[in-house]
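Please look over the following model with a few local features in mind. The briefing below groups them by topic.

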Amino acid sequence: MVVVNIGLFLFIKKRYNDQLKELKMNKQYYESLYEQNLDLILTLDLEGNILSANKVVEYYGYKEKDLLHHSFVPYVVPNQLEHTLEHFRKAVEGVGTSFNTTILSKSGEVFGLSVKNIPIYAHNKIVGVYAILKDITELKNTQGALEDAKMLYQNLAEDSPVGIYIIDQRKYEYVNIKMSEMLGYSMEELIGKDVMNFVFPEDHELVAENIRKRLRDNATKIHYQYRAMKKDKSIIYMEVHGTRTIYKGKPVVLGTVIDVTASKMAQQKIEYMAYHDSLTGLSNRFHFYRQLERALEQESTKNIAVLYLDLDRFQTINESMGHVVGDRLLQDVSNRLKKCIGDQGNLARNGGDEFLVSLLNMNHKEISKVAQDILDCFTKPFQIDHYEIYTTPSIGISFYPENGSDVETLMKKADIAMYQAKRNGTNRYDFYPLKQIELTNEKFEIEMNLRKAVDRQEFKLLYQPKLDLMTGKMVGVEALIRWHHPEKGMISPADFIPIAEENGLIVPIGEWVLRTACVQNKAWQDRGLPPMVMAVNLSVRHLYQPNLVEMIEKVLLETNLAPEYLEIEITESMLMDTEQGLKILRSLKDLGVQLSLDDFGTGYSSLNYLKDYPLDKLKIDQSFIKNCTTDDHYATIVKTIIAMAHELKLQVVAEGVELKEHLVFLQRNACNEAQGYLFSKPIPPDELVERFNEIEKMISKNGIPEHLSDQRWSEEALHMARQDLVNTVRQHQGVIFKFIKKDGRFIHTLCDGMLMEKMNVMPEQIMGKGLQAFLSEQDAKVKSRYYERAWNGEENVTYEGKINGMDYLASLKPVYRGGRIVEVIGSCIDITERKQVEEELKVSARKYRYITENMLDLVSVWDVTGRLIYASPSHEKTLGFPWNDYEGKLLSELSHPDDFTRMQDLFTHISSTKKPRTIEFKVNHANGDLIYVEAQCTPVINENEEVKHLVFVGRA
C-alpha cells in the first residue's frame with residue numbers, strides 16, 4: 001500500500017512539474033511576443049488607466065513607469081478624444097473594435113495610430129482592455145501626398161487645353177472637359193458610349209485599327225489624324241497622340257487630342273492652290289499631268305484620249321479689249337466647258353488660252369461626240385459687260401495607246417494635232433494620225449533638209465551676253481543655234497527644233513552645240529578675255545540619254561575647258577520624272593558644271609524643284625520681264641521670284657531685257673544677272689570680242705548710278721546675312737536668346753531654336769517681351785535675379801528651370817561693346833531626360849537605403865583591400881556597438897583571430913572569380929559574448945569588369 005502511494009505521489013509530482021514547465025514556456029513565449037512586438041501594446045483597466053505597456057512606448061518618448069496607473073486620455077489629440085472614448089466604452093462592454101486615432105508624443109509630435117481594442121476576460125468577467133496600436137503616421141502622410149497628387153493631376157487633366165480620353169473596349173472610360181467641349185457633348189453623354197458614334201463614318205476603320213494596334217502591339221506611341229462628328233453634325237479634324245497603359249487593372253488606350261481643323265483647312269487651301277488655276281478654279285497643268293500619270297498606271301485603263309484646246313482669236317481679243325475682259329472671258333469659257341464635259345473626264349487650264357481634257361476608256365466615236373459637243377457649246381457668244389464676244393476652240397486629240405504610252409508624248413501629239421486643226425481652218429477638232437505623222441510638204445521638206453544639215457555643217461552658234469547688274473561686267477553668254485540653209489537662208493529654231501526633238505536628231509545636234517560652245521569659250525580665254533560661263537540648253541531627249549554625263553565629261557576633257565565655266569540650262573517641263581531627273585542633275589553637279597532652270601514661271605513652277613534639285617541659277621522668263629514695268633501683277637511676280645531665289649541661295653537671271661525701265665526695275669530689286677536686246681542681240685563670236693568693252697558699259701549707261709547700285713546690293717547682302725543668322729539660330733538644337741535692359745525691365749530681342757517647339761512656346765511669345773510674358777510671376781522673379789547677375793557683368797551665369805513640363809539648363813554671358821555691356825546672350829539645352837534619371841536614381845536610392853536601414857540582417861560594404869566603408873544600423877541592434885563605429889576599420893581589426901585567414905582567402909577568391917560565396921564567422925558583442933554569423937558575400941563589378949566592392953548580408 002505504501003509502495004502504491006509513493007508511486008502515485010511520484011506520478012502526480014512529475015505531471016505537476018511538466019505542467020509547470022509548459023506554463024513557464026508559454027509565459028516566456030507570450031512575454032517575448034508582447035515585448036518584441038513592433039506594435040505598441042497597452043493593458044488598461046476598466047477606468048482607462050494604463051496597467052502595462054511594451055517597449056514600443058519608448059519610440060514616442062515615454063517610459064513605461066511614467067504611464068502606469070495614469071489615464072490614457074491626456075495622450076490623445078483633443079479632437080480625437082470623443083470617438084476614442086466611445087470605442088473604449090464598447091470594449092469595456094465586451095465589443096472588440098478597430099479605429100484610427102492620433103496621439104501626442106512626449107515632445108508634442110502628432111502620430112497617427114490604427115487601434116484594436118480587445119476585452120480582457122477573467123472568470124467570465126471583463127476586467128480590462130488590451131489596446132494594440134499600429135503606427136500609421138507614414139501611411140497617413142503617404143495617403144495625403146497621394147491625395148494631393150491625385151488632385152494635382154486631376155486639375156491638370158480637367159484644366160488641360162487639350163482633350164484627354166481613356167478608351168476601354170472601344171468605349172470612353174474617361175474624357176476631360178476640353179474633350180467634351182470639342183465634340184459639343186457633355187461628359188456624361190460621352191462616357192460609356194462607343195467611340196465610333198463620334199467618328200466620321202469614312203474614318204471608322206482608321207480609328208478602330210489604331211486602337212487595336214495600341215492594345216495588340218503594345219505600341220508606346222501612336223500619332224494620327226481623323227475626322228470627328230460633333231453633336232451638331234459638323235465635322236472637325238482631330239490630331240491624336242495615344243499610348244497603351246493600365247487603368248483599373250486593365251489595358252486601356254490613353255490619349256490626347258487637339259482640334260486641328262483650322263490648320264487642316266489651311267493645308268487643304270494650300271493644296272488646292274497648288275493644284276488649281278487661280279483665275280478659273282480649274283485644275284492646273286501640273287495637277288492634270290499627275291491625274292493622267294495615275295490613270296496610265298491603272299490596269300483598268302484600256303485607252304485615254306487627251307484633248308488640247310486653244311481659243312481662236314483670243315490674242316486679238318485680249319489686246320484690243322484689255323486684260324480684264326480677257327480674264328473674264330477665260331473664266332466664262334471655263335464655266336461653259338465644265339457644264340459641257342461634266343463628269344465625263346478631267347478638265348484643266350494649261351495656261352494662257354489653252355485648256356486640257358482627258359477622257360477615259362472611250363472609243364473614237366464617243367470621243368468625237370465629246371469634241372463636237374465642246375465645239376457646239378461655243379456657238380453662243382459670251383456676254384461680258386457690254387461686249388458680245390465670239391470665240392471658238394481648235395482641238396487636237398491624241399489617243400493612248402496608239403499615239404504614245406507616256407504623258408509627255410500624248411501631250412505633244414495632242415498639241416501637234418491642235419495646230420493641225422488651226423491650219424485646217426480653226427473651230428474644229430483633229431485626231432493625231434494613228435500610224436505615222438501626216439506632215440505638210442513644208443514640214444516634210446524641213447525634216448529631210450535637217451538630216452542633211454547635220455552632215456553639211458549648216459548650223460552655227462550665236463552668243464547673247466549676260467551682264468552682272470551690280471558690276472556691269474560680262475559674266476557669261478548663252479549659246480543659241482541658228483540654221484543657215486543654202487537656199488532658204490536663216491531658218492528659225494522654232495521651226496526646226498520641235499522636228500529635231502521628234503525624230504531624234506536633237507541628240508547629235510545638241511552634242512555639236514555643246515562641243516562648239518566649249519571650244520569657243522576656251523578660245524576666248526586663250527585670247528585673253530576674262531573667264532565667262534557658257535550656257536548651253538538641253539532638250540528633254542538629252543536629259544534622259546543614258547550617256548549624257550559621260551558625253552559632257554568627255555567634251556570638257558577634249559576641249560580642256562574647266563567645268564565651272566559650263567552652264568547647263570534645263571526647263572521645268574523636263575523634270576516630270578523627278579526621281580530620274582534628280583539623279584542626272586546630281587551627277588552633272590558632281591562634274592562641277594553649273595545648272596540653271598530656264599523659263600521659270602511658265603511651266604509647273606513647283607517649289608519642289610527649287611528645294612530638291614542642285615540648281616545654281618533661276619532664269620525668269622521674258623514674258624514676265626516684258627510686262628514688269630507696266631503691270632503691277634507681273635511686277636509682284638518678278639519681285640517674288642527674285643526674293644524667293646535669294647532665300648534659296650540661287651542666282652537670278654532675267655531674260656528679255658529690252659528697255660531701260662526693265663534694267664532699273666531689276667537693279668532696284670537685286671536681280672543678279674540679265675540678258676536681252678538692251679545690251680546685245682545674239683551675235684557671232686568675233687563680233688562679241690569687238691563689242692566687249694561697249695557691252696560692258698551698258699549697265700552704267702542705262703542703269704541706276706553706281707553708288708545707288710552698290711547701296712542696294714549692300715542692303716541685300718545685309719538682309720541675306722541676317723536671314724542666314726536667323727536660319728542658323730532656328731536650326732540650333734537648343735534655344736538661343738538675347739535680352740537687353742530697358743527702363744528697368746529685361747526685354748528679349750532674339751529667341752529661336754528647335755527646342756522652342758518642345759517647350760510649346762513660339763518665338764513671337766518671347767521676342768519684344770519680358771519674363772512675365774511667358775513665366776509665372778514667381779518664376780519671373782527668380783529668373784530676373786540670374787538676368788541681373790549677367791547684366792552686371794558676371795560671366796557664365798547658369799541656372800535650371802522648367803517650362804511646360806520640360807526641364808532646361810540655361811547659361812548667360814554678357815556682350816560688351818565700347819567697354820560696356822549692351823546685351824546678354826543666352827542658350828538653353830534640354831535636361832528633362834537627365835532630371836528624370838536623377839529623380840529615378842534618388843527614388844531608387846531612398847528606397848533601397850530605407851530597406852537596408854530597416855532590415856534586421858547585417859549589411860556591410862567592403863572595398864577589395866578589406867576596409868569596411870558602410871555598416872547598416874542593424875549592427876547596433878544585433879551586436880551592441882554603434883553602427884558607425886565599424887566604418888573605416890580594416891578586416892584585421894574586426895575579424896576574430898580564428899577567422900581572419902579564412903576571411904582573407906574569401907576576399908581573394910571573390911576578387912578573382914567574381915562569384916558570390918557563403919561563409920560563417922564569429923564577431924564580438926558589446927557585452928563580451930561571441931555571435932555566430934552566416935553571411936552571403938556578393939561582388940560589385942564596375943564597367944571595366946573589375947570587382948570594386950564586396951557586399952555582406954549576414955544573419956546572427
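Helices (H or I, at least four residues) and strands (E, at least two) are DSSP runs, numbered from the N terminus. This is a predicted model, in which local features need pLDDT of at least 70 and side-chain atom pairs count only at pLDDT 80 or more, while totals for chains, interfaces and linings use all residues. Residues are numbered from 1 along each chain as its sequence is written, and side-chain values use heavy atoms, with hydrogens and water left out.

**Strand β29 and T798**

- T798 belongs to strand β29, which covers residues 797–803.
- Buried means under 20% relative accessible area, exposed over 50%, and partly exposed in between (1.4 Å probe, protein chains only); T798 counts as partly exposed because its relative accessibility is 46%.
- Leaving aside residues up to four places away in sequence, T798 touches Y786, A810 and S811, where contact means heavy atoms within 4.5 Å.
- The C-alpha atoms of T798 and L812 are 6.3 Å apart, although the two residues are separated by 14 residues along the chain.

**Nonpolar cores**

- A nonpolar core is a set of buried Ala, Val, Leu, Ile, Met, Phe, Trp, Tyr and Cys residues joined through side-chain atoms within 4.5 Å.
- The largest such core has 81 residues, and those with the most contacts inside it are I552, L588, L666, F679 and L688.
- Helix α16 (residues 506–527) gives the largest share of this core, 7 residues.
- Apart from it lies another core of 32 residues, including L329, M362, A371 and F382.
- Beyond residues up to four places away in sequence, L666 touches L469, I625, V638, I642, A654, V657, C671 and A674.

**Helix α22**

- Helix α22 (residues 632–647) has 16 residues and reaches 22 Å from its first C-alpha to its last, close to the 22 Å expected at 1.5 Å a residue, the expected span being 1.5 Å times one less than the number of residues.
- In α22, the buried residues include A635, V638, I641, I642, A645 and H646.
- They lie on the same side of α22 because they cover an arc of only 130° around the axis, an arc taken from the directions from the helix axis to the C-beta atoms.
- On the other side of α22, D632 and H633 are exposed.
- K649, which follows α22, has a positive phi near 65°.

**The loop with N672**

- N672 sits in the loop between α23 (660–668) and β26 (673–674), and N672 is buried, with a relative accessible area of 9%.
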